[in-house]
Amino acid sequence: MEKILLHGVEWQFALEIIGRTIIMFLLILLVLRLSGKRGVRQLSLFEVAIILGLGSAAGDPMFQEDIPIAYAVVVLFSTVLIYKFITWSASKSLRIHRILEGKEMTVVENGQFDIKHENDRDFSVMEFFAELRNQSVEHLGQVRLALLEIDGTLSILFYADEDVRYGLPLFPGAYKQVQVDETTEHPLACMYCGFVQPATSSVMESCVRCKHKQWTIAINTKRIS
Ligand SMILES: [Zn+2]
């Protein structure tokens, strides 16, 4: 244990590490300020990649005796230059922007989940239930359009109260499967894609949009009642 923790420690260099760490820390702060980012709440994938690179370049000289801090300074400032150049190119060209950051994706349209991404491996309808609930969406019939932005946040446009339709409930309790072989007085919502069949129709067994066979009772509550 002592070998792992203290093998070959030179106490004088340990003191030097304190000085190196303070310098590198101040340098990182300076470089991040120069990058022009105002915070880190929503980083794009590209920015995460840049920050990982910065972190590695900044960390090593803190305790590697044979790396002069001057080298790290060169790496840090080149990275900022590259970052500035690429973000500038992305601001000039939508195509470069799309390549770097990806593209926003429609999640809900006209009160139903958009299922054209159904075969994308990284798209799962279920993961949006919590996101929509977080934004106080009780059922899909309230939502005209929901977009998944490239930074991972969800933007939602709501129907006006008088336009709210029957939709798939998103909260547990209301979201539970009902049998459809019996007649029902309620409109039913497909538990997978949000398609709603009206109460008057002869009950269909599988959804016309997605072919799934699980149905729940649709609701049409207003946003604030
Ligand atoms: Zn369906």
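The legends below describe close-up views of a predicted model.

Local features are reported at pLDDT of at least 70 and side-chain atom pairs only at pLDDT 80 or more, while totals for chains, interfaces and linings use all residues. Residues are numbered from 1 along each chain as its sequence is written, and side-chain values use heavy atoms, with hydrogens and water left out.

**View 1. Division of the chain into two domains.** Domain 1 covers residues 2–100 and domain 2 covers residues 105–217; such bounds come from an automatic or database domain assignment. Taken over C-alpha atoms, the centres of domain 1 and domain 2 are separated by 44 Å.

**View 2. Strand β1 and its two partners.** Strands (E, at least two residues) and helices (H or I, at least four) are DSSP runs, numbered from the N terminus. Two strands are taken as paired if DSSP finds at least two bridges between them. β1 is joined to the antiparallel strand β3 (residues 143–148) by 4 bridges. Within this pairing, Met 105 has Leu 148 as its bridge partner, and Glu 109 stands opposite Leu 145. β1 also pairs with strand β2 (residues 112–113), in the antiparallel sense and over 2 bridges. In β2, Glu 109 has Gln 112 as its bridge partner. The hairpin of β1 and β2 has 2 residues between the strands, and Asn 110 takes a positive phi near 50 degrees there.

View 3. Strand β4 (residues 154–158) runs antiparallel to β3 and is joined to it by 5 bridges. Leu 145 stands opposite Leu 157 of β4. The hairpin has 5 residues between its strands, and Gly 152 in the turn has a positive phi of about 90 degrees. Ser 155 lies in strand β4 and is partly exposed, with a relative accessible area of 31%. Its side chain makes a polar contact of 2.7 Å with the side chain of Glu 149. A polar contact is a pair of N or O atoms within 3.5 Å; within protein, one atom must be able to donate a hydrogen and the other to accept it, and residues adjacent in sequence count only if both atoms are side-chain atoms. Leaving aside neighbours within four places in sequence, Ser 155 is in contact (heavy atoms within 4.5 Å) with Leu 145, Ala 146, Leu 147 and Glu 149. The C-alpha atoms of Ser 155 and Ser 202, which are 47 residues apart along the chain, are separated by 36 Å.

**View 4. The surroundings of His 139.** His 139 is placed in the loop between α6 (127–134) and β3. With a relative accessible area of 0%, His 139 is buried. The side chain of His 139 reaches the backbone oxygen of Ile 219 at 3.2 Å. Residues up to four places away in sequence not being counted, His 139 touches residues including Val 164, Tyr 166, Leu 168, Pro 169, Asn 220 and Thr 221.

**View 5. The zinc site.** The protein donors of the zinc ion are the SG atoms of Cys 190, Cys 193, Cys 207 and Cys 210, which lie 2.3 Å from the ion. Donors are N, O and S atoms within 2.8 Å of the metal (3.2 Å for Na, K and Ca); water is not among the atoms, so sites may look incomplete. The 4 donor atoms subtend angles of 99 to 115 degrees, which makes the arrangement tetrahedral; for four donors, this term requires all angles to lie between 85 and 135 degrees. The sequence spacing of the donor residues is C-x2-C-x13-C-x2-C. Distant parts of the chain are linked by the pair of Cys 193, in the loop between β5 (188–190) and β6 (196–197), and Cys 210, in the loop between β6 and β7 (215–217), 17 residues apart. Cys 193 is buried at a relative accessible area of 0%, and Cys 210 counts as buried at 7%.

**View 6. The open sheet of β6, β5 and β7.** This sheet of 3 strands has the order β6-β5-β7, with antiparallel pairing. β6 and β7 stand at the edges with a single partner strand each, so one side of each is left without a neighbour in the sheet. The antiparallel pairing of β5 with β7 extends over 3 bridges, and Leu 188 stands opposite Ile 217 in β7.

Terms used
Buried means under 20% relative accessible area, exposed over 50%, partly exposed in between (1.4 Å probe, protein chains only). Four donors count as tetrahedral if all angles lie between 85 and 135 degrees; four count as square planar and six as octahedral if opposite donors are over 155 degrees apart and all others between 65 and 115; anything else is irregular.
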